[in-house]
Amino acid sequence: MIQYLNDKTGKQFKPQSAATRKFINGRIKEGYTQEDFIRVIDLKTKQWLNRPEFSAFLRPSTLFNATNFENYVNELVTSKKPKRHLPVAPVLDFSRGDE
């Protein structure tokens with residue numbers, strides 16, 4: 001996960017860091033999957049990477065914190081809105097009168 005985060009952000013977090021491992025292992029024990037981590041990293045880098053006021057938060061202690069991670073995973077769920085179909089304009093037939 002850390003290498004993926006580093007690749008996406010251009011940062012150099014250390015995968016062997018005890019603090020980082022604690023965050024990741026905590027989320028794994030809660031039942032989150034590798035796919036969840038990747039989706040959260042993708043979501044937050046898309047939202048924050050090019051915004052200086054937020055890019056500093058693209059770090060394990062923010063992304064993988066218990067409360068934050070749960071919120072980010074749920075943000076993914078709510079941001080997946082069903083595709084909306086464009087309304088079809090009615091066809092008006094004036095040759096039929098007032099029927």
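How many salt bridges does the count come to? The count comes to 6 salt bridges, and several of them are picked apart below. Keep in mind that this is a predicted model.

## The overall picture

The chain has 6 helices and 0 strands. Read from the N terminus, the elements go α-α-α-α-α-α. Of the 99 residues in the chain, 27% are buried. Looking at contacts with a separation of 6 or more, 63% of them join residues 24 or more positions apart.

Confidence is highest in helix 5 (residues 60-63), with a mean of 96, and lowest in helix 6 (residues 66-79), with a mean of 83.

## Helix 1 against helix 3

Let's start with a pair of helices. The axes of helix 1 and helix 3 come within 10 Å and cross at roughly 20°. Angles under 35 degrees count as roughly parallel, so that is the label for helix 1 and helix 3. Helix 1 passes helix 3 in a right-handed crossing.

Which residues meet here? From helix 1 there are Tyr 4, Leu 5, Lys 8 and Thr 9, and from helix 3 there are Ile 38, Ile 41, Asp 42 and Thr 45. Two of these, Asp 42 and Lys 8, also form a salt bridge, with N to O at 3.4 Å. That pair links distant parts of the chain: Lys 8 belongs to helix 1 (residues 2-9) and Asp 42 to helix 3 (residues 34-48), 34 residues apart. Both partners are partly exposed, Asp 42 at 27% relative accessibility and Lys 8 at 35%.

## A closer look at Leu 5

Leu 5 lies in helix 1. Is Leu 5 buried or exposed? With 0% relative accessibility, Leu 5 counts as buried, because the cut-off for buried is under 20%.

Setting aside neighbours within four places in sequence, Leu 5 is in contact with Phe 13, Ile 41, Arg 59, Pro 60 and Leu 63. Leu 5 and Ile 38 are 33 residues apart in sequence, and their C-alpha atoms are 8.3 Å apart in space.

## Helix 3 meets helix 6

Another salt bridge pairs Glu 75 with Lys 44, with the closest N and O atoms 3.0 Å apart. Glu 75 is in helix 6 and Lys 44 is in helix 3, so this pair ties together parts 31 residues apart in sequence.

How do the two partners compare in accessibility? Lys 44 is buried, at 3% relative accessibility, whereas Glu 75 is partly exposed, with a relative accessible area of 25%.

## Salt bridges between sequence neighbours

Glu 53 and Arg 51 form a salt bridge too, and here the closest N and O atoms are 3.3 Å apart. Glu 53 is partly exposed at 47% relative accessibility, and Arg 51 is also partly exposed, with a relative accessible area of 38%.

Methods: Residues numbered from 1 in each chain as written. Predicted model: local features only at pLDDT ≥ 70, side-chain atom pairs only at ≥ 80, totals over all residues. Heavy atoms only, no water. pLDDT = per-residue confidence, 0-100. Helix = DSSP H or I, 4+ residues; strand = E, 2+ residues; numbered from the N terminus. Salt bridge = Lys/Arg side-chain N within 4 Å of Asp/Glu carboxyl O. Buried < 20%, exposed > 50% of the residue type's maximum accessible area, 1.4 Å probe, protein only. Contact = heavy atoms within 4.5 Å. Axes fitted to C-alpha atoms, helices over the stretch in contact; angles between N-to-C directions. Parallel < 35°, antiparallel > 145°, perpendicular 65-115°, else oblique. Left-handed = near helix turned anticlockwise from the far one by under 90°.
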